[in-house]
Amino acid sequence: YALTQQLRAKGYDFDFISDHFIAESKVINGEINTPGNRYKTLIVPSCQYMPVETLQNIVKLIKAGGKVIFMDQFPQDVPGLGKLDQRRTELKQLIASLQVQSFGNDKVYPINNGKLIAGKNIDSLLAYCNLHQETLNANGLKFIRRKHAEGFHYFITNLQATAVNQWITLGVPAASIVLFNPLTGESGITKIRKQNNKTELFIQLKPGQSIIAKSYTNKVLTGNLFPKYRSEEHTSELQSRQ
């Protein structure tokens with residue numbers, strides 16, 4: 001839980017994966033592909049127990065060209081009591097074959113076509129993975145980002161008590177962006193600008209409001225602009241009835 005909070009605070013989007021889906025995953029062009037999505041890296045948090053089969057499947061992903069981060073330590077034991085001594089021996093032998101010297105220093109261990117990344121500092125470990133870090137959370141926004149054929153989809157929501165009416169920075173480059181209001185059906189191109197080689201878009205969200213942004217990495221679109229609203233403050237006094 002602590003690691004997930006760190007990742008969200010640092011602007012990284014992620015999903016959780018089961019032992020079954022690890023077994024079903026493949027590496028294509030250096031990315032780990034599950035039956036439903038693709039990812040830059042797999043992070044294994046510090047854990048006490050792991051089935052031998054799961055660690056074997058993780059090592060297969062690394063050898064096939066994937067990048068896997070192990071935080072703090074390797075699994076220390078196997079779950080369950082069946083064939084306990086045999087499975088413990090297999091786990092120890094597999095870990096020994098990885099030849100990771102220490103978790104005290106953040107380091108990359110090349111294995112075949114992939115990378116095993118081991119250590120304790122999540123910032124330096126993620127730096128080896130070529131990830132797109134987002135800063136939307138710094139504006140009090142929550143988001144989900146998914147890649148499409150020509151760019152990225154963003155679902156952005158404002159869960160704070162104050163409105164957002166400003167430029168925000170994306171972690172990926174974009175030549176144009178279309179906004180969609182999922183409640184009203186309104187859509188249109190939004191203004192973007194470049195600051196410090198980063199793409200910024202202008203966004204307006206009331207408390208509790210959400211928006212969908214579809215970015216195009218290289219395509220410049222023309223068309224109607226997304227409606228811009230003027231921020232107005234209206235207050236009413238509430239009086240109790242005696």
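Hi everyone, let's start with Phe14, which counts as buried because its relative accessibility is 16% (buried is under 20%, exposed over 50%, partly exposed in between, with a 1.4 Å probe and protein chains only). A quick word on the source: this is a predicted model, where local features need pLDDT of at least 70 and side-chain atom pairs count only at pLDDT 80 or more, while totals for chains, interfaces and linings use all residues. Residues are numbered from 1 along each chain as its sequence is written, and side-chain values use heavy atoms, with hydrogens and water left out.

Now, the aromatic rings. Rings of Phe, Tyr and Trp (its six-membered ring) pair if their centres lie within 6.5 Å; planes under 30 degrees apart are stacked, over 60 edge-to-face, and the rest tilted. That rule gives five aromatic pairs. In one of them, Phe14 meets Phe16 edge-to-face, because the planes stand at 90°, with the centres 5.6 Å apart. Phe16 itself is exposed, at 68% relative accessibility.

Trp167 and Phe202 are also edge-to-face, with 5.6 Å between centres and 70° between planes. Trp167 belongs to strand β10 (residues 164-169) and Phe202 to strand β14 (residues 198-205), so this pair ties together parts 35 residues apart in sequence (strands are DSSP runs of E, at least two residues, numbered from the N terminus). Trp167 is partly exposed at 27%, whereas Phe202 is buried at 19%.

What sits over the ring of Phe202? The charged end of Lys228 does, 4.9 Å from the ring centre (the rule asks for NZ of Lys or CZ of Arg within 6 Å of the centre and within 35 degrees of the ring normal).

Finally, ring pairs link Phe70, Phe74 and Phe103 into a cluster.

Notes: Helix = DSSP H or I, 4+ residues; strand = E, 2+ residues; numbered from the N terminus.
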